[in-house]
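Please look over the structure below with its sheet and its nonpolar packing in mind. The briefing that follows takes these topics in turn.

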Amino acid sequence: MRKKIVCVFLGLVMMLSQTMTVLATTEDQLRQEKNQAESQLSETNSVINSLSERQTQIQSEINAMDADMVDLMIQIDAAKTDIANTEAEISNTETDITNKKAEIEQTKKDLQDAEDDRDKQYENMKKRIQYIYENGGDAAWVKMIFEAEDFSKVLNRADYAQSLHDYDRDQLEQYVAVVNQVTELKKNLEAQKAELEDQKAALETQKASLESQKADLEGQQADLQARIDEKQAASSDYESQIATARQQAAEISDLIAQQEAELNRLAEERRRAEEEAARQAAAEEARRQAAAEEAQRQQQSSEDESSSGSEADSNNGNDSDNTSDSNANDSEDTGSNTDSDSGSSDNYEASGDSSADSGSSSSSSSDSEESHEEDNEPSYSAGSSSGSAIVAYADQFVGNPYVWGGNSLTNGIDCSHFVWQVLKNCGVYSGGYTTSGGWRSLGQPVGSLSEARAGDVICYSGHVAIYDGNGGIVEAKGSQWGITHDRSADCKTILAIRRFT
């Protein structure tokens with residue numbers, strides 16, 4: 001009967017161990033997938049940062065090109081203004097040339113009139129000279145004088161002749177003056193016209209140069225605009241890539257959150273499985289003891305019945321002997337059962353080490369864990385409750401492996417078990433095991449990191465560590481790193497700081 005109960009108990013323990021091993025395997029796989037997702041999220045964020053830096057650089061180049069474009073537009077506007085002014089000057093010069101041409105034409109007309117007057121005067125003079133010549137020249141004058149009836153007529157005729165002579169001379173001098181004046185005016189107007197035409201040619205050359213400069217600036221503007229369009233297209237492409245990467249990062253973050261929730265759910269299932277295993281183990285132990293006591297009682301009753309016909313003294317002696325024998329047998333049975341139970345406890349504890357968060361939910365499970373630690377780890381005398389002693393004790397295990405759900409400071413442990421073992425072995429915490437989230441409600445609260453001291457427990461989302469008092473933490477970091485003392489306390493968002501010293 002007792003062997004049957006022990007077999008049933010061992011089978012139950014093996015079944016629960018297998019269940020917890022499956023949970024541990026699932027959690028390990030999910031933890032690996034979560035680590036891969038976090039790594040992918042980190043790479044995606046790096047890509048986003050790189051794309052953002054490149055986009056910022058391109059935008060800076062676009063801004064510089066925009067400034068160059070403004071300068072070119074100002075230069076083009078200035079060239080257009082100069083061209084307009086030059087065209088106005090050319091128009092004014094052309095007007096002046098037209099006016100000079102008109103003046104020249106008028107001067108030519110005046111000159112022609114003067115020449116016509118000269119020819120007329122010349123014809124008149126020729127007639128007078130011809131008349132005098134045909135009538136005897138000087139003899140005619142003498143004859144005219146002597147043929148006069150009185151001297152006054154002679155004087156009058158002489159005065160008239162002198163007047164004709166003076167008139168002819170005056171007319172000749174006026175003609176010469178007019179001809180000289182008109183000729184000089186025409187010469188000056190021709191010179192002014194030539195000068196205006198030279199000025200017009202220079203202005204047209206200047207206009208052609210300005211138009212060439214304007215065309216060159218417009219070519220530079222078109223080239224610069226093409227480069228700006230190219231840069232803006234590249235910036236838009238980077239913007240699209242950044243948007244895609246951010247969407248991927250958001251999806252990865254959602255996946256990590258789901259994985260974290262699933263890990264918490266599995267951890268809760270494992271904790272309940274451990275509690276159920278401990279409860280069933282305790283129930284089996286109680287049933288085993290009750291069966292043993294019942295067997296002992298039945299054996300005692302049989303012995304009492306077989307010796308009922310003996311004498312009172314003999315019966316007392318036999319009863320005493322039987323009682324001693326029975327007690328001896330009980331002791332042997334108890335020792336046997338104890339050995340069997342110890343073996344079962346060891347098997348259960350081994351299973352607990354490979355599963356996640358193998359906490360203590362009963363006194364027997366706690367005793368098994370303490371015995372397991374004594375068998376697998378060196379002994380440290382860290383009885384001091386000072387924060388520096390806690391940190392010094394924790395530093396002894398830096399470099400040892402990380403095992404999710406593990407509870408061995410030397411062979412493999414996770415973050416919550418690491419904090420629990422360190423505080424427990426340093427004598428500052430005597431409670432049972434708790435998860436990383438459970439540490440947030442234990443000990444005394446600390447307001448901020450600036451108020452934290454060595455030995456304080458810092459709680460993060462899904463993680464817990466020991467503060468070293470100098471801005472760093474000692475922690476069971478992960479399977480890739482093991483137990484480390486290389487990160488700052490603010491490497492992640494701090495949810496709580498608790499003090500146990």
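Two strands are said to pair if DSSP finds at least two bridges between them, and helices (H or I, at least four residues) and strands (E, at least two) are DSSP runs numbered from the N terminus. This is a predicted model, in which local features need pLDDT of at least 70 and side-chain atom pairs count only at pLDDT 80 or more, while totals for chains, interfaces and linings use all residues. Residues are numbered from 1 along each chain as its sequence is written, and side-chain values use heavy atoms, with hydrogens and water left out.

**The sheet**
- Six strands form an open sheet in the order S3-S8-S4-S5-S6-S7, with antiparallel pairing.
- Its edge strands, S3 (444-445) and S7 (482-488), each pair on one side only.
- S4 and S8 (residues 496-499) run antiparallel and are joined by three bridges, and valine 457 has arginine 498 in S8 as its bridge partner.

**The largest nonpolar core**
- A nonpolar core is a set of buried (under 20% relative accessible area, 1.4 Å probe, protein chains only) Ala, Val, Leu, Ile, Met, Phe, Trp, Tyr and Cys residues joined through side-chain atoms within 4.5 Å.
- The largest such core has 29 residues, and those with the most contacts inside it are Phe418, Val422, Leu423, Trp439 and Val457.
- At least two residues of this core come from each of H6 (387-395), H7 (415-425), S4 (457-460), S5 (463-467) and S6 (472-478), and H7 gives the most, with six residues.

**Tryptophan 439**
- Contact means heavy atoms within 4.5 Å; not counting residues up to four places away in sequence, tryptophan 439 touches residues including Trp420, Leu423, Val457, Arg498 and Phe500.

Definitions and conventions: Buried < 20%, exposed > 50% of the residue type's maximum accessible area, 1.4 Å probe, protein only.
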